[in-house]
Amino acid sequence: MSEQFDLVIVGAGPGGYEAAIRASQLGMKTALIERGEVGGTCLNRGCIPTKALLHAAESWRALQHFPELGLSVEGAGFDYQKVSAYKNGMVERLRAGVEGLIRANGITLVHGGALITGPHQVAVSGGEERRLTGERILIAAGSLPAVPPIGGADLPGVMDSDMLLSCERLPQSLCLIGGGVIGVEFSTVLSSFGCKVTILEAAPRLLPGMDREISQNLAMILKKRGVDIHTGALVRRIERDGELLCTYEEKGEERTLSCENVLIATGRRPNTAGLFAPGAEPKMERGAVRVDDDFRTDVEGLYAIGDALGGIQLAHAASAQGIYAVERMAGKEPSVCLSAIPSCVYTDPEIASVGLTADECKERGIAYRCTKYLMSGNGKSMLSLQERGFVKLVFEEGSEVLLGAQLMCARATDMVGELCDALANRLTARQLARTVRPHPTFCEGITEAVEDLWGRSIHTPPKRR
């Protein structure tokens, strides 16, 4: 016999469980189906464990600067197995918190794999054997690591990000295929602990989807820390001869490097395979579900959000989309704005971006003005021994409305929230300039970058005439 619900959600990652909580708050009887652990990729195999490792790596690097601060620590060292245990503990603690929230909101949590068998119908197997009927069904199935068709990608010692996060032993050397967000974050962690890291990126630069100056600065910093970077490098094959041999083409020449492990970090793909019974599929495109502006598919009562859409694959984007979709289902005006979704990279220094870059404005024929403040003049940056960084803002010519922001500095991922708010509300440079930001803080860099629009940044030397 089928159980009846107002909303059935497939996937208990950030998009799914936050949508479920909002649905419960709006009075919907809600079921949440998850085949693995609640929290999805973000909490268990992505955002949280990687940021825990990055925090440990940053703390270890900070020790190297203790003499500059007049400090000393005798016998300092690290145990990577214990670092991994700290990471696992954080994941377990947060997962328990999410499980508690699900229970507290009266949501029915169903363990097992979901199969959408038709409009409003979901069968659960592989855990609990149940049949659910939902007035609406929301797909929040997330994504999986994408593995390109490289010969030898299935050899022992070749890993994806999920496998590397579960590894409690630090590799001596690693070839990292992919210089995107996953690649540069892992290279930051592993190189900090002494692993010899080589990045092979097919695009002309690291983080190819972000501001060019960010890519250039990050490459310089990583190289300074011992990371070997090859851009425009196309991997041809992986072989084993004692160690792993990774053969790639760069500048028309074929080259080979040897390493203990290879990490394939070339992005992620929608986790939709096997989700639909024959004849129950919505419109799809290369595994991604197609939806309208309210996240409805072309199947009655079926919605989809997050990584399953194949677009912006970010936890906070999935959460916002889930809340938006549920509020629209309930006939409410959405409480979130989806036009200003930030992208963050948790390297050291941190990177954050929202809206348009100067290059994107050029491509779209938008008249703009770009301002920048170098954080080397920021007091908080100096006293905390930060490396090179900047705040860059892009304004529309004439109206001075903020179009985009790119930050590379300490706490950039926290600072960008203010700029997301400004972007969503179409604030102008003059409105941003009115805010008094505390001293000494990193966010003073925003004030300086705004004031640079009129050539009156206080802590930037005047340009020579």
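This is a predicted model: local features need pLDDT of at least 70, side-chain atom pairs count only at pLDDT 80 or more; totals for chains, interfaces and linings use all residues.
Strands of a sheet pair through backbone hydrogen bonds, and they may do so in a parallel or an antiparallel way. In this model, 5 strands form an open sheet with antiparallel pairing, and their order across the sheet is S20-S21-S24-S23-S22. Its edges are strand S20 (343–345) and strand S22 (368–374), each of which pairs on one side only, and the twist from one strand to the next averages 10°. To look at one pairing inside this sheet, the reader can follow strand S21 (residues 350–355) alongside strand S24 (residues 402–409), where 6 bridges join the two in the antiparallel sense; Ala 352, for example, has Leu 407 in S24 as its bridge partner.

Helix H7 (residues 212–224) lies across S21, S22, strand S23 (390–396) and S24, and it runs at about 5° to S24.

The loop between helix H10 (379–383) and S23 holds Leu 385. This residue counts as partly exposed because its relative accessibility is 30%, a value in between the limits of 20% for buried and 50% for exposed. Together with Leu 69 and Leu 71, Leu 385 forms a nonpolar patch on the surface, and the accessible area of the three together is about 240 Å².

Elsewhere in the chain, two hairpins share strand S5. In one of them, strand S4 (residues 113–118) pairs with strand S5 (residues 121–125) in the antiparallel sense over 5 bridges, and Gly 118 stands opposite Gln 121 in S5. This hairpin has 2 residues between its strands, and His 120 takes a positive phi near 75° there. In the other, S5 pairs with strand S6 (residues 130–139), again in the antiparallel sense, over 4 bridges, and here Gln 121 stands opposite Thr 133 in S6. The hairpin of S5 and S6 has 4 residues between the strands, and in it Gly 126 takes a positive phi near 80°.

A last stop is Gly 242, which sits in the loop between strand S12 (233–241) and strand S13 (243–250). Is this residue buried or exposed? Gly 242 counts as exposed, because its relative accessibility is 64% and the term applies to values over 50%. Along the sequence, Gly 242 and Cys 259 are 17 residues apart, and in space their C-alpha atoms are 9.6 Å apart.

Notes:
Residues are numbered from 1 along each chain as its sequence is written. Side-chain values use heavy atoms; hydrogens and water are left out. Buried means under 20% relative accessible area, exposed over 50%, partly exposed in between (1.4 Å probe, protein chains only). Two strands pair if DSSP finds at least two bridges between them. Axes are lines fitted to C-alpha atoms, for helices over the stretch in contact, and angles run from 0 to 180 degrees between N-to-C directions. Contact means heavy atoms within 4.5 Å. Patches are made of residues with over 30% relative accessible area and no salt bridge: like charges are joined within 9 Å, nonpolar side chains (Val, Leu, Ile, Met, Phe, Trp, Tyr) within 5 Å. Accessible areas come from the Shrake-Rupley method with a 1.4 Å probe; for residues, only the protein chains shown count as cover. A salt bridge is a side-chain nitrogen of Lys or Arg within 4 Å of a carboxyl oxygen of Asp or Glu.
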